[in-house]
Each structure stands twice: as structure tokens, then as C-alpha cells.
Amino acid sequence: MSITADFSLALRSLASYAGGLVNPTLRLGVTGLSRSGKTVFITALVHALMEGGRLPMFEALAEGRIRKVSLAAQPDDVVPRFPYEDHLAALTGQGSAGKERHWPQSTRRISELRLVIEYESKAGWLAGISTLAVDIVDYPGEWLLDLPLLDKSYAQWSRETLTLARVVPRAPLAKDYLALVNAVDPAQLAEETTARQLSESFTAFLRSCRDEHVSLSSLPPGRFLMPGDLEGSPALTFAPLATLADAPAAASLQAMMERRYEAYKTHIVRPFFRDHFARLDRQIVLIDALTALNAGPSAVADLEAALGDVLKAFRTGRNSLLAQLFAPRIDRVLFAATKADHLHHTNHDRLEAIVRALAERAASRAEGAGASVDVAALAAVRATREVSAKQGRVMVPCIAGVPLKGETLGTDIFDGIAEAALFPGDLPDDAAMVLDGEKPLALRFLRFRPPVAERHADGRLKPLPHIRLDRTLEFLLGDRLR
Ligand code: GDP
């Protein structure tokens, strides 16, 4: 990092520190890979806080100490605002989003929202009304996987990526890309069409790794899968090449790729870590663990590796890359398995135990200490209710909800209106069995519509149903509201 960048960061930290004295703030990062539930989580969390939802385990609210929660102007003018109102309207079927309730548009880029919580502190000489500003920062988890790139040259990254691409399980998916790499000579004249062809084919390979649950982790660049506003820009139009020269000619394809790789690091990766990540105080990492469990052992192993990669970004051992660049100040990380409403409540603790085992293994691989880590199984919005249904002679614990139009179960095709009940299956008691198992779990899932929004007599929306959102809030915010 340049000295000027260092200096301006120091100034900014000083400014935010001084600002924090006047008005304490907590920057809460919400991340997770695409479709893990970030958008739904933030929308539900803000709504629950603003409407005083049923949150018995969230102490400040349960003790009646929260006076008011409101939205306020965010501190960063150049970061898009998280469109809370639009997402709530979509979830509840209101306003311009149309009358049909539906899941909101997922996270595609970074966004931010400021909540101001007025609360009565528990005791002490400061007793009275205090204020905490919570800046929620939503960003794609894919971006965290770019951290190791800061330490690597183009040649190193190319070599490592191609080595991984040539072996199982990625090899079959990398076939087209590897053929293309073999057909180009890094010394040939740089041409935009070739660069684009290579980067498109490489991106398709990365995407298929994710779609096939082969590898969510360890294959950056993260922006290739989640480009934010940078889609199509030259800094994203590069790819790894084979047999590289030590000193390529300036006009060669290799030199062009190298320049773009360096530009990606300088103009995209580094600013994200410096301007956003390094300023977070708390972090929740959302995980769609059920989908991985259902997809089988390689997806679970991959999830574990992805968590390890993510944890490396939070653990700032003295030798860690981040610590050399800037000191992240995150002191708490919560790994949360989302969409727990797809399981009967008798399985929620088991899901939590599985995530705990995953996080423990991931933590043992991520060097260094730092942030304290906890886990949770939650549903930010509960789309199902619990019922018992007769199967043969026994009653089994089922979940019921309205499946999305077009969902199927056996020979049934759902119309998006009728309710259906299903027995989703049970998670094993022993978390280790899941992590070391050789077969996918036989779980049954349907994608359900969001629940029908209920209203008070005066027309105001009632808080949305959830599972364990209160415990999540207590871990993330509780100590700052005492
Ligand atoms: P993002 O990409 O991380 O922002 O993911 P979203 O928040 O958009 O969630 C992706 C999808 O997961 C949604 O469209 C829903 O179908 C589903 N989903 C997310 N959260 C929940 C939840 O709490 N319960 C249920 N049943 N489904 C959820």
C-alpha cells in the first residue's frame, strides 16, 4: 500500500473514531455466498427492530429498554443504500413491487443502511437514553475470497489456478477453458477479442464449479462471479495462462493479462478491503448449509474450505496478510445457517451443531486468533409452519407452507397458491457423521413463498415470523445495548 493511501486511511480511521465518541456506531457486515439469504436477513432484521418484533432472547428489547429504532442517512455517500423499503414491499406484496408477495432481488453488490437505536442503558452513571448507530454493510461473500490474491503475482496465480483446474473434481468442468489456454500463445500480440474469449470461458468454468457444488472456495477472483457494477470492465477481462515468460514483451497477451490482474488487485480488491472490510466491527456470515448437506460430501467439504478461507480474512495473526495491510477490527463473527424453516424445530439444534463442527474445523485451519466465533441456525423469515401428518400408521413431524409456483414433489406440480406439507427428513444426531459421511443426506426441500404478511387493526404490518433471529441479534448487538 502506498504511503498516501496509508495516511488517508489513518485520517479516516481517526475521523470515524472521533465520530464514534460523539455518536457510538457499530459497523455490522452481512455476507455470505450468493443466495445464502443476505437480502432477506437484513430486511427481516431491520423490520423486526423497527416494529419491535417478537424477540424474547434479544435482551434490550425483551427488557423494554429500546425506545425507538429509526433509519437515518448513511455515513458513506458513495456506497449504494440498501433498498430496505423495496425489499420489504416485495416480501409483503406491497406498493410498486406488486400485490404478489415474493422473495426480494438478491445481493449483487455492496450496499449500506444506517439504523439508529435509542435505548435505555442498564445502569451506571450514564443511565438514561443512549444512542447506537448501526451501519449494516451488505456485500457478496465471493469478494472475501480475493484476499489471497493480494499476495500473489499473476504468474503464481496462473500456475496455481491451472494446477487446480487440471485435477478432479474441477477437471471435467475446466475442459473448454483448458483447451482454449492450450490454443493461445502468451507471447502472441494482445487482442481484446482473445482476452474476452479467455475471460468469458474462465468465468463460465468458475460458475460451473459453483453450480455443480464442486468448489465454492479457493478459486478467486470473486468478482468474476459477482462483478457488482464492474461487469465487462477491462479489470475483469483477464484469465490465467500457461507457460509464461519471465519478462514478456509489452505488446504480448501475457503482458496485457498481467496488467489487468494487477489493476484488479489495485483498483478493486485492495480498496474493498481497505475502505469497507477493515472498518467492520462485527460480521455475520450466512451459510446455506442445507443445500450443501443435500448436495453431498464434496459440497460439505467445500463449504468447510470456503469457511476456512473466509475465517482467514477475520483472523489477524501477526503474520496474516491483512494485518500487514491494515488491522481489521472485527471482534465477533457469527456463522449462521439460514433457511432453518425448511426443517422441523426438532432439527434446529442439530443443524446448529453441524455448523459448529464445520466452523471449528475451519477455525483450526485458519491461523491466528482474533475475533470470537459463534454459530446459529436461523430463518430470518419463516415461510413454514409445523404440522403432524400421518405416514402409514405413525404421525410424523412435517412442515407446511405454500411452495413457489412450478415447484415439484413426486408427481405433484405446485401452483403457488395451495399449501403443501412434507416431511423434510432428519439431520443425524452426530455432526461428525455428517462431515465425514460418504453419502448425501436424504433431505427433502421445497422452495416456499414468503408467509402472508399479517397486519394490526390500524393497517400497520405485524413483525414477520422468524426462527432464532433474536439470538442472532443478541450476539451481534446485545453487548452494545447494555
Ligand atoms: P442473497 O443472495 O444472499 O442476498 O440471498 P437472498 O436473501 O436473496 O436469499 C436467496 C433466496 O433464499 C431467497 O430468494 C429465498 O428463496 C431464500 N431464503 C432466504 N432467506 C430465507 C428464509 O429465512 N426462509 C426461507 N424459507 N427462504 C429463505
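A polar contact is taken here as a pair of N or O atoms within 3.5 Å; within protein, one atom must be able to donate a hydrogen and the other to accept it, and residues adjacent in sequence count only if both atoms are side-chain atoms. The model is predicted, so that local features need pLDDT of at least 70 and side-chain atom pairs count only at pLDDT 80 or more, while totals for chains, interfaces and linings use all residues. Residues are numbered from 1 along each chain as its sequence is written, and side-chain values use heavy atoms, with hydrogens and water left out.

An oxygen atom of the ligand lies 2.6 Å from an N or O atom in the side chain of threonine 39, and a ligand oxygen is likewise 2.6 Å from a side-chain N or O atom of serine 106. At alanine 380, a polar backbone atom is 3.2 Å from an oxygen atom of the ligand. The ligand alone exposes 580 Å², of which the protein buries 95% (Shrake-Rupley method, 1.4 Å probe). The ligand is surrounded by 18 residues (a heavy atom within 4 Å), and the closest are Arg35, Lys38, Thr39, Ser106 and Asp341. This shell comprises 7 nonpolar, 7 polar and 4 charged residues, with Gly counted as polar.

Strands S8 (residues 385–391) and S9 (residues 394–401) pair in the antiparallel sense over 7 bridges; pairing requires at least two bridges found by DSSP, and strands are DSSP runs of E with at least two residues, helices runs of H or I with at least four. Arginine 385 has alanine 400 of S9 as its bridge partner. The two strands form a hairpin with 2 residues between them, and glycine 392 in the turn has a positive phi of about 65°.

Most residues other than glycine have a negative phi, and most peptide bonds are trans. Lysine 339, not a glycine, has a positive phi of about 60° and is placed in the loop between strand S6 (332–337) and helix H12 (348–365). The peptide bond from valine 168 to proline 169 is cis, with omega near 5°.
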